Amino acid sequence: MLRTEENKPINTLKIFADSKTFAIVTHQKPDVDAVASSLAMYWYLLDIGKKENDIDVIIPEYTDELSFIPGTEHLKKQPTKKYDLAIIVDCPEKRFIAGKKVLKLSKKTICFGHHGLSRIYTHNSIINTCMSSCASVIYDVFPECRDINYFNCIAIGLIADTSNLTLDVTDKEKQIIEILKNKGVDIEEISKKLIIKK
């Protein structure tokens, strides 16, 4: 179910509108969903008018084998500035965050996940344990993005965390896949790439 900090509804659009600089971080030894979800947030921020130079996607342990995910050329190994907002994806515990010093450099934090209640103190958390991937959670909150790179990242994360749509795919996620197909995402091609990467 969807949970927000202290079970209060949050206005993500206002949180993003009130912020100029962003850091996006995920867990150590990131899997495909973690990287794809991080980059989905990157493409979403660009789509709502944020500037490329104001967004750092910080994944210290990134490897070239994930270079098929749109936007990997923008990944950074470490923070470059102070941030108005740190966005934590797919990581329920602070000790597992890669690049956790980002949290000290950020005025506010927000967490998106699907692994259960966040054990990270954040100003806001959106956790949906009914979803099989963090990418699905992000799409559920931000379905209105117009960027094909965003849609591809969502599809990659969702397909990866469900073993090519064979495990724990919810009805909602089946709907998301159909929507992504209609937006031009090549689901079969993504599935092939993910099989090769295993």
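User: At what angle do the axes of helix H2 and helix H3 cross?
Analyst: This is a predicted model. H2 covers residues 32-47 and H3 covers residues 134-141. Their axes come within 8 Å. The crossing angle is roughly 20 degrees.

User: Is H2 roughly parallel or roughly antiparallel to H3?
Analyst: The axes cross at roughly 20 degrees. Angles under 35 degrees count as roughly parallel. Therefore H2 is, relative to H3, roughly parallel.

User: Which residues in H3 meet H2, and how many residues of the contact are nonpolar?
Analyst: H2 brings Asp 33, Ser 37 and Met 41. In H3 they meet Cys 134, Ala 135 and Ile 138. The contact holds one charged residue and one polar residue. The nonpolar count is four.

User: Is Cys 134 buried or exposed, and how far away is the nearest cysteine sulfur?
Analyst: Cys 134 has a relative accessible area of 0%, so Cys 134 is buried. A disulfide needs sulfur atoms within 2.5 Å. Cys 134 is in no disulfide. The nearest cysteine sulfur belongs to Cys 111, at 7.6 Å.

User: How many disulfides does the structure hold?
Analyst: Cys 153 is in no disulfide, with the nearest cysteine sulfur, that of Cys 145, 9.8 Å away. Cys 153 is also buried, at 0% relative accessible area. For the structure, the number of disulfides is zero.

User: Which side chain does a polar contact join to that of His 74?
Analyst: His 74 lies in the loop between strand E3 (55-58) and strand E4 (75-76). Its relative accessibility is 18%, so His 74 counts as buried. Among the residues His 74 touches are Trp 43, Glu 52 and Val 57. The polar contact, at 3.4 Å, is with the side chain of Tyr 42.

How values were computed: Residues numbered from 1 in each chain as written. Predicted model: local features only at pLDDT ≥ 70, side-chain atom pairs only at ≥ 80, totals over all residues. Heavy atoms only, no water. Buried < 20%, exposed > 50% of the residue type's maximum accessible area, 1.4 Å probe, protein only. Axes fitted to C-alpha atoms, helices over the stretch in contact; angles between N-to-C directions. Helix = DSSP H or I, 4+ residues; strand = E, 2+ residues; numbered from the N terminus. Parallel < 35°, antiparallel > 145°, perpendicular 65-115°, else oblique. Contact = heavy atoms within 4.5 Å. Nonpolar A, V, L, I, M, F, W, Y, C, P; charged D, E, K, R; others polar. Polar contact = N/O pair within 3.5 Å; in protein donor to acceptor, adjacent residues only side chain to side chain. Lists of a residue's contacts leave out its neighbours within four places in sequence.
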